[in-house]
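Welcome! Please take a moment with the sequence and the 3D view below, and then we can walk through some of the details together.

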Amino acid sequence: MPVTLLTDTGETKLTTAAGSGSHVSITQIALGDAGGRRYDPTHDMTALVNERVRRDIDSADFDGEHTWYVRAEFPTDTPSFAVREIGFFDQDGDLIAIWAGADVQSRQTGVIVYLVEHALSFSRVAEGLIMVDAPPIRQIKPGQMVLAKSGRRFEGYLECDGSVVDVDHYPNLASLGYEADQPAAVVDLGASGRLIFPVTVRWGGADHTYYHLDRNKDGAGGRGDYVTLDTLEALFNDGAHMTDEPATRSGTLNGVEVRLPTLGADWPQTGEYTFAQTTVADPATNNTTYSDLLAIWDAVGLPPGWTAGRRYRSSTPREVDNVAHISINFKTGECVESSDSVLFAVALEVIDPPQETVLNLPDSATLGAPSGFSFYIRY
C-alpha cells in the first residue's frame with residue numbers, strides 16, 4: 001500500500017536542526033503523475049518522478065504528539081492528470097517527505113477542486129524539530145464538492161453551514177459513476193516521447209489499448225509527433241524490415257512494452273483502398289472482421305485528440321518490395337501504400353497499460369441531498 005517516507009534530505013536537515021536548536025519547516029505540497037507508472041518511493045529521492053503542480057499548504061493542525069494534518073486545495077483550473085505521488089517540501093524547496101506506492105489508487109485533478117488532506121506522522125522525530133508552516137485547518141466551504149485524501153475507503157458526507165458535517169455513510173453513494181482500472185491517460189516513454197489519448201477496442205475476444213505517440217511531449221497531436229517508418233524500424237527491429245510479425249514491431253520503451261499496430265486486414269496490393277465498415281456498435285463490441293488500426297477506425301473513426309490531417313502508419317508492408325508500408329486516415333478510412341522515409345503519425349498499442357481509477361462526481365441534486373446541503377467524498 002502507499003507509504004509516506006521521510007527522505008534522506010529530510011533526515012539530514014532534522015539532524016542539523018537538532019544540533020542548532022532550530023526546526024525544519026514544511027511549507028509546500030506538490031502533486032505528480034509519476035510519469036504514468038506507479039512506484040514504491042525510496043528514502044534517497046530528492047524530487048518527485050514527474051512533478052506537475054505545486055502550491056503552498058493552506059492549513060495544518062498538530063495532534064500534540066508526532067502527527068501533522070495538512071490540507072491543500074488545488075483549484076479547478078489545475079491541469080488534468082492522475083495523481084500517483086505527493087511531495088512535501090520545506091522553505092528551501094527541498095523534498096522532506098514523499099507519498100507514493102506501487103498499488104496507489106490514482107485520482108484525477110482538474111474540473112473539480114482537488115483537496116489533499118494528509119497525515120504526516122514523524123513518530124521517530126523529536127518533538128519540535130519539524131513544523132508545518134500554515135494556518136490552522138478550517139472547515140470545508142459550504143456548497144463545495146471536493147475529493148479528500150483520507151484512507152482507501154469511499155464514504156459520503158453531507159455538510160450545510162461549513163461547521164457541522166454528517167460523517168455517517170450516505171446511502172446514495174452507490175449512484176456515483178465509479179470506474180476502476182481505466183487505462184492511464186498518459187504513459188511516459190522517456191526520450192521516445194509519451195503516449196496520450198488512449199482508446200480501447202475489442203477484437204480477437206480481448207481488449208486492446210492504443211495511444212497516440214506524442215513525440216514532442218506537448219500534450220497534443222500535431223506535426224512535431226510525425227515519425228518515419230525507418231526510425232521505427234531502428235527503434236524496434238534494429239533497422240531491419242518491419243512486418244506484421246510481433247517480434248519485428250515490438251519493443252520496451254522506458255519500461256513500457258509497446259507494439260506498432262498492423263493494418264488489421266489483408267492488403268489487396270492496390271496502392272490505395274478504403275475498407276468497408278462493419279456493424280460494430282462500439283469499441284466494447286468484439287470485432288470479428290478487423291484488428292488493430294482498422295478495428296479502431298471501424299468502431300471509433302478518428303479517436304478524440306488524434307491527428308486528423310495525417311495518416312497513421314501500420315507495420316503491414318507492401319509485399320512487392322521492402323520500401324513501403326500501409327497507412328490509414330482515421331477520418332476517411334482511406335488506406336495507402338507509402339514510402340518508409342515519409343513522416344507519419346504513430347499509434348502504439350501498450351501490451352499491459354498502467355491503470356488508474358476514475359471517479360465521476362455528480363451534482364448534489366443528483367444524489368437527492370436534503371435542501372441546503374452539499375456533498376463531498378472522502379477516499
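Which residue in strand 17 does Asp-188 stand opposite? Asp-188 faces Arg-194 there. Before going further, please keep in mind that this is a predicted model.

## The overall picture

The protein chain has 379 residues, and buried residues make up 50% of them. Its secondary structure comes to four helices and 27 strands.

Contacts across the sequence are part of the picture too. Among contacts in the protein chain with a separation of 6 or more, 69% are between residues 24 or more positions apart.

Let us return to the strands of the opening question. Strand 16 covers residues 186–188 and strand 17 covers residues 194–203; the two pair in the antiparallel sense over three bridges. Their hairpin has five residues between the strands, and in this hairpin Gly-190 takes a positive phi near 65°.

Strand 17 also pairs with strand 18 (residues 206–214), again in the antiparallel sense, over eight bridges. Here Ile-196 stands opposite His-212 in strand 18. The hairpin of strand 17 and strand 18 has two residues between the strands, and Gly-204 has a positive phi near 65° in it.

Ile-326 has Glu-337 in strand 24 as its bridge partner. Five residues lie between strand 23 and strand 24 in their hairpin, where Gly-333 takes a positive phi near 85°.

Why does Tyr-312 count as buried? The reason is its relative accessibility of 0%, and the cut-off for buried is under 20%.

Leaving aside neighbours within four places in sequence, Tyr-312 is in contact with residues including His-212, Leu-293, Trp-306, Ile-326, Phe-330 and Val-346. With His-212, the side chain of Tyr-312 makes a polar contact of 2.8 Å. Phe-344 is 32 residues from Tyr-312 in sequence, yet their C-alpha atoms are 5.9 Å apart in space.

## Helix 4

Leu-293, one of the contacts of Tyr-312, is also one of the buried residues of helix 4. This helix covers residues 292–299, and because eight of its eight residues are buried, it is largely enclosed by the rest of the structure. Among the buried residues are Asp-292, Trp-297 and Asp-298. After helix 4 comes Gly-301, with a positive phi near 80°.

## Cavities

How many cavities of 30 Å³ or more are there? The count comes to two. The largest cavity holds about 40 Å³ of space.

Its lining is made of Leu-189, Ser-192, Leu-213, Arg-215, Val-227, Leu-232, Leu-235, Leu-253 and Leu-348. Sorted by class, the lining of the largest cavity has seven nonpolar residues, one polar residue and one charged residue.

Notes:
Residues numbered from 1 in each chain as written. Predicted model: local features only at pLDDT ≥ 70, side-chain atom pairs only at ≥ 80, totals over all residues. Heavy atoms only, no water. Buried < 20%, exposed > 50% of the residue type's maximum accessible area, 1.4 Å probe, protein only. Contact = heavy atoms within 4.5 Å. Polar contact = N/O pair within 3.5 Å; in protein donor to acceptor, adjacent residues only side chain to side chain. 1 Å grid on protein atoms, 1.4 Å probe; cavity = no way out; pocket = protein on both sides within 12 Å on 5 of 7 lines; lining within 4 Å. Points joined across faces, edges and corners; volume = space filled by probe spheres on them. Nonpolar A, V, L, I, M, F, W, Y, C, P; charged D, E, K, R; others polar. Pairing = 2+ DSSP bridges.
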